[in-house]
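Hi everyone, thanks for making the time.

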Amino acid sequence: MNTMTSKSVTVIGLGAMGSALANAMLAKQFKVTVWNRNKSKAASLAAKGAFVAESITDAIKASQLLLVCVSDYKATIKIFAEAGVKELLAGRTIVQLSTGTPKEARELDAWAKQNGANCLNGDILAWPRQIGTNEATITISGDNEIFSQHVTELQGLAGNINFVGEEPGTSAVLFSAVMAYLAGNWIGFCHGALICENEGFRPDAFGELIHNISPILATESKHMGQVIQNNKFTDPESTINTTGLDLHLLVQQAEEAGISKELPQFAANIFQRAIDAGFGQEEHAAIIKVMRSAS
């Protein structure tokens with residue numbers, strides 16, 4: 001059995017992302033122990049020098065630092081609820097890299113402390129192929145002192161390790177916000193590709209166009225964050241009225257082309273609500289005023 005050292009790490013969960021985390025640690029010459037319910041997923045890692053734990057308790061015993069990357073927080077709790085696990089956690093640090101809500105992050109942090117463990121809640125903003133490179137970003141929230149103790153190991157996972165605050169749910173808050181942005185982005189891109197495809201244009205050429213204007217989109221995102229933070233929506237370069245008209249035309253285009261109008265109709269409805277509420281002369285980000293109401 002491996003003994004604990006400052007260069008030891010255990011990776012729990014060997015899906016595409018968990019395996020990428022383990023590979024990154026191996027590449028940085030860490031002593032890596034891995035565990036997964038389906039042991040066949042550990043074969044390639046074993047060939048590279050990882051120790052494959054026979055049980056979850058063996059995996060926990062092997063390292064002071066436990067990287068958890070399973071499907072969600074519920075799966076993590078189920079693993080930690082197995083016989084003999086809770087008793088082994090005292091003094092160890094759990095870095096939860098599974099997807100969860102801010103509430104789940106806070107609950108896991110409290111549970112870990114009750115059992116004498118440290119907990120850092122993190123979120124991966126990267127694809128598995130980017131793990132271990134400067135392209136990857138991981139946000140971390142939790143005890144700053146504990147983070148500082150393990151920052152060297154964590155830097156082996158991503159070029160950008162961003163500590164975002166001591167409140168345990170902070171990282172999950174930001175991840176949820178990013179997912180909201182990405183969901184709109186992915187659906188919007190696919191609707192745009194559908195328009196191109198229906199009219200005989202190449203979707204990959206559309207993708208190239210978006211790539212080329214991405215600096216403009218990044219600047220727009222930063223600007224929107226600032227105006228929402230300051231609640232200052234005046235002096236727009238383009239108004240909700242103008243965009244609302246454009247979105248109604250996008251609905252019309254979908255109807256004329258005989259393609260799905262689900263996305264443009266959804267967007268047009270939100271902008272129309274903002275217009276009806278009297279915000280038509282303000283800039284796009286002012287739609288948050290009507291979105292703040294859950295009704």
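Let's start with Gly15, which counts as partly exposed because its relative accessibility is 30%; buried here means under 20% relative accessible area, exposed over 50%, and partly exposed in between, with a 1.4 Å probe and protein chains only. You'll find Gly15 in the loop between β1 (8–12) and α1 (16–27). When I say helix or strand, I mean DSSP runs numbered from the N terminus, with H or I over at least four residues for helices and E over at least two for strands.

Before I go on, a word on where this comes from: it is a predicted model, where local features need pLDDT of at least 70 and side-chain atom pairs count only at pLDDT 80 or more, while totals for chains, interfaces and linings use all residues. Residues are numbered from 1 along each chain as its sequence is written, and side-chain values use heavy atoms, with hydrogens and water left out.

Okay, the overall picture. The protein chain has twelve helices and eight strands. Its C-alpha atoms fill a box of roughly 65 × 40 × 30 Å along the principal axes. Of the 295 residues in the protein chain, 43% are buried. And if you take contacts, meaning heavy atoms within 4.5 Å, between residues at least 6 apart in sequence, 62% of them join residues at least 24 apart.

Asn36 sits in the loop between β2 (31–35) and α2 (43–47). So is Asn36 buried or exposed? It counts as buried, because its relative accessibility is 15%.

Leaving out residues up to four places away in sequence, Asn36 touches Gly13, Leu14 and Lys41.

Now, the pockets. Rolling a probe the size of a water molecule over the atoms shows where empty space is left. A pocket here is worked out on a 1 Å grid over the protein atoms alone: an open set of points where a 1.4 Å probe fits, with protein on both sides within 12 Å along at least five of seven lines, and lining residues have an atom within 4 Å of a point. Grid points are joined across faces, edges and corners, and the volume is the space filled by probe spheres set on the points.

The largest pocket holds about 2000 Å³ of space. It has 38 lining residues, with Tyr181, Gly184, Asn185, Met224 and Phe271 nearest its centre. Several elements give two or more residues to that lining, among them α8 (203–212), α9 (214–230) and α11 (262–276). Which element gives the largest share? That's α7, with 13 residues. By type, the lining divides into 26 nonpolar, nine polar and three charged residues; Ala, Val, Leu, Ile, Met, Phe, Trp, Tyr, Cys and Pro count as nonpolar, Asp, Glu, Lys and Arg as charged, and the others, Gly among them, as polar.

The second largest pocket has about 760 Å³. It is lined by 23 residues, and Ile124, Leu125, Ala126, Trp127 and Leu182 lie nearest its centre. The elements giving two or more residues here are β6 (118–125) and α7, and α7 again gives the most, seven. This lining splits into 15 nonpolar, six polar and two charged residues.

Next, cysteines. With a disulfide taken as a pair of cysteine sulfur atoms within 2.5 Å, the count is zero. For Cys69, the nearest cysteine sulfur is that of Cys119, 14 Å away. Cys69 is buried, at 10% relative accessible area, whereas Cys190 is exposed, at 52%.

Last stop, backbone angles. Most residues other than glycine have a negative phi. Gln29, in the loop between α1 and β2, has a positive phi near 70°, and Gln29 is exposed, with a relative accessible area of 63%. Asn231 also has a positive phi, about 55°; Asn231 lies in the loop between α9 and α10 and is partly exposed at 46%.
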